[in-house]
Amino acid sequence: NDAFAPYISFEDWRREDHVDDDIFSNGCGNIRKMDRFKRDHADPDALNTYFLDCISFGFFGIGVFPWAFDEKDKRHGVMNDYRTIDSSTQCRGGCQGDTAVHEWGHGFGLFHTFQSLASSQCDCTWGDLVEDTPPENGPHFFGDADGCASRNTCVEPNDEPDPIHNYMDYSDDVCLSEFTTGQFERMLYMLAVYKPDMISQSLDDAEATSCILGSFHDDSADQCQACPEGTYQDEPGQTSCKACPDGSDEITIEGWNQGQGPLRTDVKRCYHVDTMFCLESLVGDGFCNSQNNNEECLYDGGDCCEQCCENVVGSDFSCGEGDAGYSDFARCQDSGCELSGSIEAKT
């Protein structure tokens, strides 16, 4: 709660112990196997957090972006190495549980602070899409040894130091202490758009400042209310909704309307949306993204077609994240693998 305060809080939690040596030892390295476990044990109404052996596969944790699947899909959640909670040896300076904070940052829609707009993943191009996180030319590893000393790897107009204290960097836990206001705004927007059912209870909060995007504070009811049809609200903590442009309900625009939920979070919700865009960065990445599972997006570059995709190097993961015939493959008709590939190659 401390890391996400004051904008996001977690009220209830429960612990479940499952004795499964195979999942504990191999779940982080076999996404398909882990997905089967999730389908049997995950709670679709909870923020499922798993602790198992991830370090043996070379990483501390892994998160699922909120747009990867429908809100109630059990494959959501984050995996963390069990030693990241309180180990004194695996993290320089000691593990304090910030891996889970980092991975849930991804789960709420954040990218790394060193994210690039280019395929290289490392440059100074503000690839995390948040204005108030200074760019950095690569992750900041460790930090305990040098006392979390400041560094500056990018030259931008304000020329600020790298955000090595940000939870979305790779610094040691002892260096991590903050999300920025912009990151909170992005997380609240992503939650309002992709997890509206999960956060609907926040509409009962009597404080106007806690009203999320797509809602406003109703003084007469002393609580937040969802914006009605014909209005929208793209800012949090408001006492009224913005009126839609005149005649917008009769206008068709190109856009992407999947996963929007009931909250009217953007002026685009005022219009009729006719076309769904592809998430090009996820096409052909070896994972079946349900939003790209259509002919226009080449069935996610073949990732959603078991017969077309290629396994991720170093694992026995099969694209589609499930057995043939499961929902991920249901709409995939590219049996000859004629469409599969990158969008750039087909346009």
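**Disulfides in the predicted model**

A: Cysteine 244 and cysteine 270 are joined by a disulfide, with an S to S distance of 2.0 Å. The model is predicted. The link of cysteine 244 and cysteine 270 is left-handed, at -75 degrees about the S-S bond. This pair connects distant parts of the chain, 26 residues apart: cysteine 244 sits in the loop between strand E7 (242-243) and strand E8 (252-254), and cysteine 270 in the loop between E8 and strand E9 (272-275). Cysteine 244 counts as buried because its relative accessibility, 12%, falls under the 20% cut-off. Cysteine 270 is likewise buried, at 5%.

The count of disulfides comes to 4. Among them is the bond between cysteine 28 and cysteine 54, with S to S 1.9 Å. Here too the linked parts of the chain are distant, 26 residues apart: cysteine 28 is in the loop between helix H1 (21-26) and helix H2 (31-41), while cysteine 54 is in the loop between strand E1 (49-52) and strand E2 (61-63). Cysteine 28 is buried at 5% relative accessible area, and cysteine 54 is buried at 0% relative accessibility.

Another disulfide joins cysteine 148 to cysteine 175, S to S 2.0 Å. Its angle about the S-S bond is -85 degrees, a left-handed link. Both cysteine 148 and cysteine 175 lie in the loop between helix H3 (98-107) and helix H4 (181-194), so the pair ties together parts 27 residues apart in sequence. Cysteine 148 is buried, with a relative accessible area of 14%, and cysteine 175 is buried at 3% relative accessibility.

Conventions. Residues numbered from 1 in each chain as written. Predicted model: local features only at pLDDT ≥ 70, side-chain atom pairs only at ≥ 80, totals over all residues. Heavy atoms only, no water. Disulfide = S-S within 2.5 Å. Helix = DSSP H or I, 4+ residues; strand = E, 2+ residues; numbered from the N terminus. Buried < 20%, exposed > 50% of the residue type's maximum accessible area, 1.4 Å probe, protein only.
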